[in-house]
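This report walks through one protein chain, from single residues to the whole fold and back. Keep the structure in view while reading.

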Amino acid sequence: MSMKESPLDAHLHIAALQGDVATLRRVLDSGRVHVDCKDRDGTTPLILAAANGHLDCVEELLEQGANPRARRTTGTTPLFFAAQGGFLDIAQALLDNGAQVDSASVDGGTPLFVSCQCGHLDVAKELVNRGANVNAHMKDRATPLFMASQNGHGREVLFLLEAGAAVDARRTDGATALWIAAQMGHERIVRVLLRHGAAVDTTRHDGATPLFKAAHKGHAAVVDELLQYRPSLKLLPNGESALHAAALFGHVAVVRKLLAAGSDPSLRNQEGLTAAQLAADKKHRAVVDLLVLAAQASRS
């Protein structure tokens, strides 16, 4: 082991890592090693036991005076790792012994943040019941709701909204939970966010809306959900329309839905091109035919 620690320290770390409570107890009872001995990353035995789901080791270490608020050099605590791993019993033991519910890592990640990122609803509920801030955010201002939406964790999204998460909280680049869910193609999450009042046309700093991203990626089911809330079908601040995005990438089903919702096939983007011209350039014949027919129909 390339850690600056004694062989006994290393022995204690390995026991905590592997869940070997008998060895752990024996090393601690020798009195020759500190219960919170750290490796070069600041990792204590309690952090290792919590991260690897070893409740008996966690309880033994706490009983022997291990610090539940110990932090690695990255700022992460035993509770952070228990939340990340979805170990509810360990999270409860740590909280019962004085762990801080919202202790954040250097990049701003709290235990609630990682429990929602990883889809551990029971841990998320426990943390919120113990006072975790549902609107805590990372340095880039991404919230637990944003992460749950990005990763497709619908039950966590619903729970966070009901617990008071701000539905339109924006990351530093302007992206909201709805924006990221639309881009990722999570139509059920898009539906839940819209029902909870998410603004349909929030733009990222580049001017792209949720509809634009869903059209660009070809997420037809997401487009269906968004169209119920009358999103903008016109030119967006990025100089393109959702129809242009769908046409450029040859998404026939999405083009059809956008036309049915009232998208204008004669609309020109900032380069002066129609959606049909973009599709023709990429040789998306079916899309070109659809758009040409729609343009003729709108002129007649």
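Which residues does Ser-115 touch, not counting those up to four places away in sequence?

## Ser-115 in helix α7

The model is predicted. In it, Ser-115 lies in helix α7. Leaving out residues up to four places away in sequence, Ser-115 touches Ala-83, His-120, Val-123, Ala-124 and Leu-127. Ser-115 has a relative accessibility of 0% and therefore counts as buried, since the cut-off for that class is under 20%.

## The chain as a whole

The protein chain has 18 helices and zero strands. Its radius of gyration is 26 Å, well over the 19 Å that the globule rule gives for 300 residues, so the chain is more spread out than a compact globule. The C-alpha trace spans about 90 × 40 × 25 Å along its principal axes.

Of the 300 residues, 51% count as buried. The accessible surface of the chain comes to about 13,300 Å², and 49% of that belongs to carbon and sulfur atoms. Among contacts between residues at least 6 apart in sequence, 68% join residues at least 24 apart.

## The largest nonpolar core

In soluble globular proteins, nonpolar side chains tend to be buried together. In this model, the largest nonpolar core has 96 residues. The residues with the most contacts inside this core are Leu-94, Leu-193, Leu-226 and Leu-258. Helix α11 (residues 177–184) gives the largest share of the core, six residues.

What is Leu-226 in contact with, leaving aside its neighbours within four places in sequence? The list is Leu-178, Ala-182, Val-190, Leu-194, Val-200, Pro-210, Leu-211, Ala-214 and Pro-231.

## Ala-177 in helix α11

Ala-177 belongs to helix α11. Is Ala-177 buried or exposed? Its relative accessibility is 3%, so Ala-177 counts as buried.

Not counting residues up to four places away in sequence, Ala-177 touches Leu-145, Phe-146, Ser-149, Val-167, Ala-169 and Leu-193. Ala-177 and Leu-193 are 16 residues apart along the chain, and their C-alpha atoms are separated by 7.8 Å.

Just after α5 comes Gly-86, with a positive phi of about 75 degrees.

In helix α4 (residues 55–63), the buried residues are Cys-57, Val-58, Glu-60, Leu-61 and Leu-62. An α-helix has 3.6 residues a turn, so residues three or four places apart point the same way. The packing partners of the buried residues of α4 are α1 (7–18), α2 (21–29), α3 and α6. Just after α4, Gly-65 takes a positive phi of about 95 degrees.

Ser-263 sits in the loop between α16 (252–260) and α17 (275–281). Its relative accessibility is 6%, so Ser-263 counts as buried. Apart from residues up to four places away in sequence, Ser-263 touches Leu-233, Leu-243 and Leu-258. Leu-258 is also one of the residues with the most contacts inside the largest nonpolar core.

Where is Arg-141 placed? Arg-141 is in the loop between α8 (121–129) and α9 (144–150). Its phi is near 70 degrees, a positive value in a residue other than glycine. With 41% relative accessibility, Arg-141 counts as partly exposed. Arg-230, found in the loop between α14 (220–227) and α15 (242–248), has a phi near 50 degrees, again a positive value in a residue other than glycine. At 75% relative accessibility, Arg-230 counts as exposed, because the cut-off for that class is over 50%.

Methods. Residues numbered from 1 in each chain as written. Predicted model: local features only at pLDDT ≥ 70, side-chain atom pairs only at ≥ 80, totals over all residues. Heavy atoms only, no water. Helix = DSSP H or I, 4+ residues; strand = E, 2+ residues; numbered from the N terminus. Buried < 20%, exposed > 50% of the residue type's maximum accessible area, 1.4 Å probe, protein only. Contact = heavy atoms within 4.5 Å. Rg over C-alpha atoms; globule rule 2.2 N^0.38 Å. Areas by Shrake-Rupley, 256 points an atom, 1.4 Å probe, with all protein chains shown as cover. Core = buried A, V, L, I, M, F, W, Y, C linked by side-chain atoms within 4.5 Å.
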